[in-house]
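Thanks for making time this morning.

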Amino acid sequence: MPILTIKATGKTVEAAEGISILQALLAAGEAIAHKCEGKAECGSCHIFVLEGRKNLSKIQRLENEKLDTIVGVGSGSRLACQAKLGTENITVELLNA
Ligand code: FES
């Protein structure tokens with residue numbers, strides 16, 4: 001079961017493989033914006049993945065197109081609603097918390 005660590009607070013969350021980072025964060029009670037409810041349309045769930053990026057689901061076209069419209073995107077950028085957890089631990093930085 002992957003462990004999700006949230007940078008800054010250092011909070012760790014045990015999450016199920018295959019769920020999105022957004023689902024894991026919301027289940028843990030984290031305040032993360034998700035205006036389109038996970039459809040890759042709003043970009044409000046943009047996060048930085050600091051560790052474990054390669055173990056997440058690959059970026060698909062919809063996510064890629066939305067990321068292209070967001071200011072401040074970096075190499076670790078993902079939409080939390082689209083990135084699904086694999087088996088390894090990851091560390092994320094929330095931008096709108
Ligand atoms: S919740 Fe809207 S893009 Fe992720």
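Phe48 stands opposite Glu93 in β5, and the strands here are DSSP runs of E of at least two residues, just as helices are runs of H or I of at least four, numbered from the N terminus. What you see is a predicted model, in which local features need pLDDT of at least 70 and side-chain atom pairs count only at pLDDT 80 or more, while totals for chains, interfaces and linings use all residues. Residues are numbered from 1 along each chain as its sequence is written.

β3 pairs with β5, residues 90–94, in the antiparallel sense over four bridges, where pairing requires that DSSP finds at least two bridges between two strands. Both belong to an open sheet of five strands with mixed pairing, in the order β2-β1-β5-β3-β4. β2 (11–14) and β4 (77–79) stand at the edges with a single partner strand each, so one side of each has no neighbour in the sheet.

Stepping back, the protein has two helices and five strands, which from the N terminus on run β-β-α-β-α-β-β. Along its principal axes, the C-alpha trace spans about 30 × 25 × 20 Å.
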